[in-house]
Amino acid sequence: MRAVVINEYGSKNVLVEQELPKPEIKANQVLVKVYATSINPIDWKLRAGYLKQMLDWTFPIILGWDVAGKIVEVGSEVKNFQVGDEVFARPDTNAEGTYAEYTTVEEDLLAKKPSNLTFEEAASIPLAGLTAWQCLVDNTKVKQGDKVLIHAGAGGVGSLAIQMAKHLGAYVATTASEQNEAYVKELGADEFINYRTQQFEEELSDYDVVIETMGGDILNKSFQVLKPGGRLVTIAGQPDPALAEKHQVTASSYWLTPNGKQLSEIGELLEKGILKPQVGNVFGFSAEELQKAHELSETHHAKGKIVIRVK
């Protein structure tokens, strides 16, 4: 099969095309013919070598942890899926990712692709959607009437988190640039903060929840907008326990857990039109195209999700 791999850590130029054997499935897995995948920050962070302590894999490494496609083979223990099913998933984090024509997925991580979505749209959902859902529902337990600040609302996670928070009944503020003001309001944001000209920590107060996606200074300033008893979750760093104590809030760092059942629930919201996929850019399947996609993701200014059309 064709795959785009890395054989060393480095810049976007280490992404190269390579012929590899089709992966073999275990009893609890299916083989998916990849129609589309998407780009997430973990892809280029791993490519650059930032995660090699945590994920110590041997080369070649196939990046990519979002997939939408069709099942072409099922393992002997798989009960709820069959050959021909159109599916989407956030596969397990391993060195045989989804920048390839085929990938393996455990049955418990699979969900049926919503029938009203294209493969490109479906591929944009799993990693970002599960991250947003688990931060809002499992971690901070957002409920009707909560005031929620979602950072970078025009981004991959933010654009889904705004819609989910509104579905849960929250009042939502978000940060974005002026050119994305109309876009985030269309997604459902009640309040827009232009991060280039406004200081969000001066504009907002008494918030119940912050969903933090940037890390660093923004993470530290986010404590200031919370009321005592508030909840902060970040996907981009480690919150300072001293700040959490000072502001009398709970703060945690979160990394999603792949989960097919939750993805099916998100799929139902997509089927009903309550959630809408946000595909900002689509690239082709080649080393050169993936290099361009990584370059765009690394700017932190991509709107919605960056998708790769494989088939």
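Which residue in strand 14 stands opposite leucine 232?

Modeller: Alanine 251 in strand 14 is the one opposite leucine 232. First, the ground rules. This is a predicted model, where local features need pLDDT of at least 70, side-chain atom pairs count only at pLDDT 80 or more, and totals for chains, interfaces and linings use all residues. Residues are numbered from 1 along each chain as its sequence is written, and side-chain values use heavy atoms, with hydrogens and water left out. Helices (H or I, at least four residues) and strands (E, at least two) are DSSP runs, numbered from the N terminus.

Six strands make an open sheet with parallel pairing, in the order 11-10-9-12-13-14. Two strands pair if DSSP finds at least two bridges between them. Axes here are lines fitted to C-alpha atoms, for helices over the stretch in contact, with angles from 0 to 180 degrees between N-to-C directions. Strand 14 pairs with strand 13 (residues 226–234) in the parallel sense, over 4 bridges. Helix 4 (residues 156–167) lies across strand 9 (147–150) and strand 10 (171–176). Its direction makes about 165° with strand 10.

Strand 1 (residues 2–6) pairs with strand 2 over 5 bridges. Alanine 3 has glutamine 18 of strand 2 as its bridge partner.

Valine 4 sits in strand 1. Valine 4 is buried, at 1% relative accessible area (buried is under 20%, exposed over 50%, partly exposed in between, with a 1.4 Å probe on protein chains only). Setting aside residues up to four places away in sequence, valine 4 touches residues including Leu15, Val16, Ile62, Tyr99, Phe285 and Leu290. Contact means heavy atoms within 4.5 Å. Valine 4 and glutamate 288 are 284 residues apart in sequence, yet their C-alpha atoms are 9.6 Å apart.

Next, a helix pair. The axes of helix 3 (residues 126–139) and helix 9 (residues 260–271) come within 10 Å and cross at roughly 100°. The two helices are therefore roughly perpendicular (under 35 degrees is roughly parallel, over 145 roughly antiparallel, 65 to 115 roughly perpendicular, the rest oblique). Helix 3 brings Pro126, Gly129, Leu130, Trp133, Gln134 and Asp138 to the contact. Helix 9 brings Gln262, Leu263, Glu265, Ile266 and Leu269. Just after helix 3, lysine 141 takes a positive phi of about 50°.

Last, the annotation. UniProt lists residues 10–308 as "domain: Enoyl reductase (ER)", in an unreviewed entry. Over residues 10–308 the chain is 29% helix and 27% strand, with the end C-alpha atoms 21 Å apart.

Note on methods:
UniProt positions renumbered as here; feature names shortened; annotations may be inferred.
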